[in-house]
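I set out to record what I looked up in this structure, entry by entry. The entries follow the order of my reading.

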Amino acid sequence: MKNTIAQRIADFLKDFPPFDRLTPTQNLFIAQNITVKYLDKNSFIFDAKTPLQPHFYVINKGAVLLQTEINGVDKQLNKYDEGDIFGLRAIFAKESYSMTAIAEEDTILYCIPIEIFRPLAENNRAVGQFLIESFASNTEFPFSTTQQETLFGNATGQIEMSEELFELQPTDYIKKVVTASPDMEIRKVAEKMTEKNIGSIVITEKGLPIGIITDKDLRNNVATGKFGIDAPAKDVMSSPVLCYTKSISIAQAQLSMMKHQVGHLCITEDGTPNTKLIGIVAQNDIIVKKGSNPTILMKAISRTNSTKELRRIRKKTMLLLKGYINQNIPMTLIMRIMFELNDATIKHVIKRCLKKMDSPPPVPFAWMSLGSQGRKEQLLHTDQDNAIIFQNVPDETIDEVRSYFLKLAKKVNKRLDIIGFDFCPGDMMAKNPNWCLSLDEWKHQFTKWTTDTGNDEILLCSIFFDFDITYGDATLTSKLADHIFEITRNNQIFLSKLAASALRSPSPFGFFRQFLVEQDGEYKDHFDLKKRGLMPITDAGRVLAISYRLKNINNTAERFEELARIVPENEELFLSCSYTSKALLKFRTKHGLINNDSGRFIELETLTKEEKMKLKRCFKTIGNVQELIKVKFNVQNF
């Protein structure tokens, strides 16, 4: 007789991580061994004095508070609700419970025996990865390598990110392969190919690939009269076929096709002709895929003389980005590639606009990218932020020189807008006379911002401090960077004001784990990922980078990695910040691609419980680094 209670529990578990990574049979097995516990509100579950239990907990209904005692006062650390697991970390790490668990409301718990669950976790990579990340969220510094190692030993290798290149990714293959028997008349084979509108057909015998017939084979062997239309397929087919496993990379497939001068590869169960056919790779499919290859796109950018063509290339760049996100390519690699493509596009536009000017530039200059492009973090369609710095000139000629560069900037800004880099609504662009200045004018501007600092100046600093040279004379931007470090050296008042502004981004949470959403406007009930996530971690990275005088490192993740190197006492925290920066940027990019927008506002209902948990871990890190900034820069007076 069917155990309906166990089945009901299994149906519940399968909707929550990590049980969603298990098979129905495994979940049913777990469910059959579960003990159900009913708790009234404020019921005690465990504390530090409780002997280690042989089971951990999954909340079916209700909510559980975890709290600890700090200086004699109970501090509530976390709140768990439906589908959450707790009490597992202590069992895996073979430690005593470090917190007190209490039912916040009437609660139903599933108690899962560890001896039932442990083998499933150890043999399932996805489950193991979830647990590592889940445990890390409850540590002081989530994502740290130390925590991962202490929890699962060498299992941490499961979540290491590889640096594989695009060409080393597994190639796509056609799974629904059209086949024919070796004895089928070639006329019927051709009719089948015509009916299916395909250029090749695989000849199989008992499911094993023994040959292939392509349009080329029909031309060379049938159209020439070498074989009649009633000849069997086995006489016309090309044989043997080349077989590989489904993990074959794009590069390997290309090399194999070139080496053997064929246009198709068969994918079989074990990569040999002795196992069943499961797919086919066609050269044309690879060519289409390579159309979004960064090398091809870079060449296309450099060769085009059309702004419209650059716009078309940028759309392909977005396809490349989407592919990278879907393939879970490491964010560091994605940022580098997308920055290089964006940078090459802007450089090319500037070069073309210079040719359209009536004369060469009157003095050396540099085009500076600001904001997200300056930090090498511009992935989606966002607006352009840029400025021009030109060599100092006598006062009597500065208006004429500035006029030249404003004319150039107007051309560049207009073309970038056409390509897909929208005009900045705040007019933070080089065509604005306020942001087209000589070196000394820029020095004066930064000096003013850092000595007479109000809210407007802080806002401008947050934009202009993240500048990166895109085109022109690098000595100009280098001198400006040196000046900024000189005027901020020991300028504690300015640093404290900048630090205080880094703490002003609103908390992402309401009571415990409830995400705060927009209360009105176009994005009512949406979560503002930029304001509550990306801005706080970016602002924190900036003020720390200035304080520790990190020159020529503008990317937020790289800033924290360098901080981890030079401030070893905070290494774990800064590495967590680096990870958080990349995780939030990936989050925004993913949802921006899904919704075809900037990815700033997220509809919480569309998130899985695991995605919400990942966001929560990021915000925990942000909270930790904000606490450090609060102490380091003594911000209580600002």
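**Cavities**

I noted that the second largest cavity has a volume of about 70 Å³. I worked on a predicted model, in which local features need pLDDT of at least 70 and side-chain atom pairs count only at pLDDT 80 or more, while totals for chains, interfaces and linings use all residues. Residues are numbered from 1 along each chain as its sequence is written, and side-chain values use heavy atoms, with hydrogens and water left out.

For the search, a cavity is a set of points, on a 1 Å grid over the protein atoms alone, where a 1.4 Å probe fits but cannot get out; lining residues have an atom within 4 Å of a point. Grid points are joined across faces, edges and corners, and a volume is the space filled by probe spheres set on the points. By this rule I counted 3 cavities of 30 Å³ or more.

I listed Thr332, Met335, Arg336, Lys376, Asn555, Ala557, Glu558, Glu561 and Lys582 as the lining of the second largest cavity. Helix H14 (331–356) and helix H22 (556–566) each supply at least two residues of that lining. Helices (H or I, at least four residues) and strands (E, at least two) are DSSP runs, numbered from the N terminus. By class, I found 2 nonpolar, 2 polar and 5 charged residues in this lining. Here Ala, Val, Leu, Ile, Met, Phe, Trp, Tyr, Cys and Pro count as nonpolar, Asp, Glu, Lys and Arg as charged, and the others, Gly among them, as polar.

I then turned to the largest cavity, which holds about 90 Å³ of space. Its lining has 13 residues, of which Ile346, Gln373, Gln378, Gln384 and Asp385 lie nearest its centre. Strand S15 (365–369) and helix H15 (371–374) each supply at least two residues of the lining of the largest cavity. I recorded its classes as 5 nonpolar, 6 polar and 2 charged.

**Helix packing**

I looked up helix H21 (residues 529–547) and helix H23 (residues 571–595), which pack at about 145 degrees with axes 10 Å apart. Axes are lines fitted to C-alpha atoms, for helices over the stretch in contact, and angles run from 0 to 180 degrees between N-to-C directions. From H21, the residues Leu529, Lys530, Gly533, Leu534, Ile537 and Leu544 meet Phe574, Cys577, Thr580, Ser581, Leu584, Leu585, Phe587 and Arg588 of H23, contact meaning heavy atoms within 4.5 Å. I sorted the residues of this contact into 9 nonpolar, 3 polar and 2 charged.

**Sheets**

I traced an open, antiparallel sheet of 4 strands in the order S1-S8-S3-S6. Two strands pair if DSSP finds at least two bridges between them. S1 is joined to strand S8 (residues 107–113) by 5 bridges, and Val36 stands opposite Tyr110 in S8. Helix H1 (residues 4–13) packs on this sheet and touches S1, strand S3 (55–61) and S8, its direction making about 85 degrees with that of S3. Helix H4 (residues 114–122) lies across S3 and S8, at about 70 degrees to S8.

I also found an open sheet of 3 strands, ordered S9-S10-S11, with mixed pairing. Its edges are S9 (179–180) and S11 (208–214). S9 runs parallel to strand S10 (residues 200–205), with 2 bridges between them, and Thr179 stands opposite Val202.

**Backbone exceptions**

Most residues other than glycine have a negative phi, and most peptide bonds are trans. I noted that Lys206, not a glycine, has a positive phi of about 55 degrees; Lys206 sits in the loop between S10 and S11. A cis peptide bond joins Ser239 and Pro240, with omega about -5 degrees. I placed Pro240 in the loop between helix H9 (233–236) and strand S12 (243–244).

Conventions
1 Å grid on protein atoms, 1.4 Å probe; cavity = no way out; pocket = protein on both sides within 12 Å on 5 of 7 lines; lining within 4 Å.
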